[in-house]
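Please walk through the contacts, spaces and backbone features of this structure.

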Amino acid sequence: MTAISARPIRFVLNGEERAVEGVATTTTLLEYLRRTERLTGTKEGCAEGDCGACTVLLAESDGAGGLHRRAVNACIQFLPAMNGRAIETVEHIGRDGAHPVQTAMVERHGSQCGFCTPGFVMQLHAGWLTGAISDRASVKDLIAGNLCRCTGYGPIIDAGLDLAAEPVPDTRAEDAVLSRRLRVIEGDAVFAYEQDGGRWFAPTNVDDLADLYAEYPDAVLVAGATDVGLWVTKQHRELPTLIDVSHVRDLRVIEEAGGRVYFGAAVTHREARDILADIHPDLGEMLRRFAGYQIRNAGTVGGNIANGSPIGDLPPCLIALGAVLHLRKGDDFRQVPLEDFFLEYGRQDRAKGEFVIAVEVPRLEDGQRFFAHKISKRLDSDISAVMAAFRLTVEGEGPGAPVTEARLAFGGMAGVPKRAARAEAALVGQPLGPDAIEAAVAAMAEDFTPLTDMRASAGYRLKTAQNLLRRFLLQEGGAPRMSLAEILPEAVGETAGAAS
């Protein structure tokens, strides 16, 4: 293993380097900013990454002489994870005069009480710098993880559109300087920080990660902290040893070979989205609705799988596609079909000291049809009540073509993401006619006994899952898709006339 370098937490804050000691390993970035730096523009609202009031801009070296920028929630980011990175807060905006985002928010009356405003400003600033703002829909997507109780979103969206019209300054020279500076701060040795019995390790390569996890098999692995962060802010859990995998460069790559895409475990959902959308548009739409932008910028593909949530959005989609998980423990490697990784609620097929390296996702082949849809109480930034993902392989074309393979996966229907085995069996070998479709839908009542909770009742979950399957099968079986014009011709005509 590369030498372990025990040292202070070093990072760049608003252009100035910091070296921090004497804080707990689970101190959040928000706590540090407000209590130590007295940078109180960054607000605490929910302390779980939902409201966006604590949004800051995080930058790190992209490995090619530039910077990778992303907005994150400071309330659930642990301070030691900032080692080798740069943070910009709202106080740094407009330091050389009014920033375009500030001007736009003022002229569009985008702020009333002002509590949420710093988060909106930082999120719009990040979207502007990274080219994420182009039209009204993109602004709405960008701020889906920011909540405002009094202003209303219309003026803020208008401010975002005004900002999009402003030219982004060329900062390549400054970025190159900061990139080199951050690489020096981060280094290649395993970063280690200890305080009051708590330990934090941050390896930069997968071999060092394997060695560390073998030495500390009871350690908690943390990547984007979108889940683990809440263990501290909401559950007040003690986490004696943490291993940060977000700096492991080997786990942050996406590669493709032989019709299969390999996502490193530390690839973020934002980084994975375009590739998944290329596999099928439904995957891109699902990830558009996956939490808020800040969470997608931090949460990882491997983390969404390894935390074993029964309502995780991504695992049912990957199970339906036939994904394979690659795991490592020490020098031993193995592969497991993703559907077999989830054993029961809170338990996965993962030994102590074993971690996810990558997930292997097959692209769709000829004759394969795919569908994914998320059901939640609100469109944006909400947890699923039911997540459905289906892959069907049909031999030939036409209404009599038989189904040769069916993979029907659901989240929210059991203690783990799970396939509907009986429904699949009712389809295989049958043409997609009414009899096979209704047999498969009926069989789902034997596949699942969902629970009632705050998100949905058991009856609602089962009926919704059945209807999602019925809709998919009817469409793939050749049933015509009803258009809005066919359902409400007069209303559509009136709307079209008004629009013109």
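**A guided reading of the model**

Arg237 lies over the face of Trp231, 4.0 Å from the ring centre; a charge counts as over a ring if NZ of Lys or CZ of Arg is within 6 Å of the ring centre and within 35 degrees of the ring normal. The model is a predicted one, in which local features need pLDDT of at least 70 and side-chain atom pairs count only at pLDDT 80 or more, while totals for chains, interfaces and linings use all residues. Residues are numbered from 1 along each chain as its sequence is written, and side-chain values use heavy atoms, with hydrogens and water left out.

Next come contacts between rings. A pair of aromatic rings is described by the distance of the centres and the angle of the planes. The structure holds 11 aromatic pairs (rings of Phe, Tyr and Trp, the last by its six-membered ring, with centres within 6.5 Å; planes under 30 degrees apart count as stacked, over 60 as edge-to-face and the rest as tilted). One of them is the stacked pair of Phe371 and Phe390, with 5.5 Å centre to centre and 10° between the planes. This pair links distant parts of the chain, 19 residues apart: Phe371 is in strand β18 (residues 368-375) and Phe390 in strand β19 (residues 386-394). Helices (H or I, at least four residues) and strands (E, at least two) are DSSP runs, numbered from the N terminus. Phe371 and Phe390 are both buried, where buried means under 20% relative accessible area, exposed over 50% and partly exposed in between (1.4 Å probe, protein chains only). Together with Phe410, Phe448 and Phe472, they form one aromatic cluster.

The loop between β18 and β19 contains Ser381. Ser381 has a positive phi of about 50° although it is not a glycine, and at 11% relative accessibility it counts as buried. Asp196 also has a positive phi, near 50°, and is not a glycine. Asp196 sits in the loop between β7 (190-195) and β8 (198-202). Is Asp196 buried or exposed? Asp196 is exposed, with a relative accessible area of 72%.

Now to the charged pairs. Side chains of opposite charge can pair when their charged atoms come close. The structure holds 38 salt bridges, each a side-chain nitrogen of Lys or Arg within 4 Å of a carboxyl oxygen of Asp or Glu. In one of these, Arg35 pairs with Glu31, the closest N and O atoms being 3.5 Å apart. Because Arg35 and Glu31 are 4 residues apart in helix α1 (residues 29-36), about one helical turn separates them. Arg35 is exposed, with a relative accessible area of 59%, and Glu31 is partly exposed at 30%.

Glu60 forms a salt bridge with Arg70, with the closest N and O atoms 2.8 Å apart. Here the partners come from distant parts of the chain, 10 residues apart: Glu60 from strand β4 (residues 55-61) and Arg70 from strand β5 (residues 67-73). Both Glu60 and Arg70 are buried.

The structure holds 3 cavities of 30 Å³ or more. On a 1 Å grid over the protein atoms alone, a cavity is a set of points where a 1.4 Å probe fits but cannot get out, and a pocket is an open set with protein on both sides within 12 Å along at least five of seven lines; lining residues have an atom within 4 Å of a point. The largest cavity contains about 100 Å³ of space, a volume being the space filled by probe spheres set on grid points joined across faces, edges and corners. Its lining has 13 residues, and Arg70, Ala223, Gly224, Ser246 and Ala298 lie nearest its centre.

The second largest pocket has a volume of about 670 Å³. Of its 30 lining residues, Arg69, Glu88, His92, Arg95 and Thr171 lie nearest the centre. Helix α6 (172-186) is among the elements that supply at least two lining residues, and α6 gives the most, with 4 residues.
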